[in-house]
Amino acid sequence: MVDVITSVNGMVNGIVWGWPALILLAFVGVLMTVVTKFFQISHFRHWLKNTIGAIFQDKNVIGHTSDKSISQFQSLCTALAATVGTGNIVGVSGAIMTGGPGAVFWMWVIAFFGMMTNFSENVLGIFYRRKNRKGEWCGGAMYYLRDGLGSYKNCKVIGGVLAVLFASFCFLASFGIGNMTQVNSISGNMESVFGVPTWITGIIVMAFSALVILGGLKRIASVTEKVVPLMVAIYILGTVIITIMDISSRGAIFAAIFRGAFGLGAVGGGIVGYGIKLAIEQGMKRGVFSNEAGLGSSVMVHSNSNVKEPVKQGMWGIFEVFADTIVVCTLTAISVLGSGLVDLNSGAVAASWGGIELSRANLVSAVFTMHFGKIGGAFIAISIMLFAYSTVLGWSHYGKKACEFIFGEKSTVVYSVIYVLAIFGGAVMGDNLAWDLADTFNGMMMIPNLIGVISLTPVIYKITKNYVDRKVRGMEIKPMLSAWPDIQKEHEEALKNEGSGISTEVSAEETA
């Protein structure tokens, strides 16, 4: 059965992650960057001030809400919980082992343009979101495909079909990128570092996941806002220390990255053209796996934010990709490349170190062990466990929302139970198959989502221009906050109250 699944997955993966799909992914990022006039650069100080900077200035950004929504900071942490995961450790290692140092450059490229892809997804997610019967916000690619693309003349059917396809692929992807690969990385590291059998790890992770996931988004957000900032800060500290220890090799590292990116040094001494292909392919695939820009996934939790301005949540999307790939993935890559385990001239990775056969699952662990001793390997095992666990939590919400869109609200309880039980399967599944399945599901989500973003480019342009005219240029014009008149009116009133100093976002209990 495993052989059959592997064979079929290989065929599908070759289609959804072929060059046409990668070109489409890059094209959308470039298009959104041009349409928004390079917002990630031209308004760098503005989006930085209104995201990470606002945490220390605006209580609405971090304050817990009294309704069914979550705070902007909680939405970021839950989104980062789903993105800052094993892709930042195991994914980066895999990209370097397969595509050489040059893959890192293409991760940067896809992240730079991916900032605006993620921005656009969030803008559309907030603009087209609506509430269900429980009073919870529902937003995501399936909604802007159905209600956005579907609102165009003669596009109702195609919009609806693409919406169902996206939701179906997201449903499947939640068991791949959000479940199997994450738990597989946890169990693999726990077995190699601490000698814990994979099945025991599976049971433990399954139990802890159930405690949070079955409690709903509020409980997930409450956990991620505490775990994510701490785990990211500690991991960054560890990689920064390593880069300082290996500072003498810094010039050679960046030289190898640029040589490999443009074929001036072939991967493993192979053919130059093939080396470029692998570098681009692995860099883009692992970059998307890490930050998820273009998948339309994180917008589903961003849409639950208490924010009223679509562009404001879009800016959180920019910061999400920046923190995930430009910061965390880069530090991981520099740590690996400066360790001596990678030949910076050929790009070849050592076959073993310390008597252990190196793979993408334990390469970073070997680097940390090399610099900090056994405690370093244990640190990475624990980091992967926390990163992966938080990703499992974040993706449970994505799959749940996709399930709700397809089968209705009552189906979400059944989904949550199945999702938790599937964790055990991920723990004992073979490493390569788990990652390959995740790659396939990612690509299948990406296609309909990107079609939706491209088709709604005029909407993105108008909303962004409206925001810049009001907030940057100080023009007195009506804001574009929602596609729905009742929600538009509600948000306008809320913004007026905020401007008057009347808070409608933070509960009295939290304020006290």
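Tutor: Buried is under 20% relative accessible area, exposed is over 50%, and partly exposed is in between (1.4 Å probe, protein chains only). This is a predicted model, where local features need pLDDT of at least 70 and side-chain atom pairs count only at pLDDT 80 or more, while totals for chains, interfaces and linings use all residues. Residues are numbered from 1 along each chain as its sequence is written, and side-chain values use heavy atoms, without hydrogens or water.

Student: Is F38 buried, partly exposed or exposed?

Tutor: F38 is partly exposed, at 38% relative accessibility. F38 sits in the loop between α2 (19–35) and α3 (39–42). Helices (H or I, at least four residues) and strands (E, at least two) are DSSP runs, numbered from the N terminus.

Student: What about phi of F38?

Tutor: Positive, near 55°, in a residue other than glycine. Most residues other than glycine have a negative phi. N154 also has a positive value, near 65°. N154 lies in the loop between α9 (141–148) and α10 (156–194). N154 is exposed, at 73% relative accessibility.

Student: Which surface patch holds F38?

Tutor: A nonpolar one, made of V30, V34, F38 and I41. Together they have about 330 Å² of accessible area (Shrake-Rupley, 1.4 Å probe, only the protein chains shown as cover for residues). Patch residues have over 30% relative accessible area and no salt bridge; nonpolar side chains (Val, Leu, Ile, Met, Phe, Trp, Tyr) are joined within 5 Å, like charges within 9 Å.

Student: Switching to rings. How many aromatic pairs are there?

Tutor: The whole structure has 24. Rings of Phe, Tyr and Trp (its six-membered ring) pair if their centres lie within 6.5 Å; planes under 30 degrees apart are stacked, over 60 edge-to-face, the rest tilted. Y235 and F387 have ring centres 5.5 Å apart and planes at 65°, so that pair is edge-to-face.

Student: Where do Y235 and F387 sit?

Tutor: Y235 is in helix α12 (residues 217–245) and F387 in helix α18 (residues 374–407), 152 residues apart. Y235 and F387 are both buried.

Student: Give me a stacked one.

Tutor: F368 and F379, at 5.5 Å centre to centre and 25° between the planes. F368 is in helix α17 (residues 363–372) and F379 in helix α18, so the pair ties together parts 11 residues apart in sequence. F368 is buried at 1%, whereas F379 is partly exposed at 23%.

Student: Which ring pairs link into a cluster?

Tutor: Those of F105, W106, W108, F254, F258 and F262.

Student: Which ring does the charged end of R130 sit over?

Tutor: That of W484, 4.2 Å from its centre. R129 does likewise over W137, at 3.9 Å. The criterion is NZ of Lys or CZ of Arg within 6 Å of the ring centre and within 35 degrees of the ring normal.

Student: How many salt bridges?

Tutor: The count is 9, taking a side-chain nitrogen of Lys or Arg within 4 Å of a carboxyl oxygen of Asp or Glu. R130 pairs with D147, with the closest N and O atoms 3.6 Å apart. R130 is in strand β1 (residues 130–131), D147 in helix α9, 17 residues apart. R130 is partly exposed at 30%; D147 is buried at 15%.

Student: Which salt-bridge network includes R130?

Tutor: Shared partners join R130, R146 and D147 into one network.

Student: And what does K401 bridge to?

Tutor: E136, at 3.9 Å between the closest N and O atoms. K401 is in helix α18 and E136 in the loop between β1 and β2 (137–138), 265 residues apart. K401 is buried at 5%.
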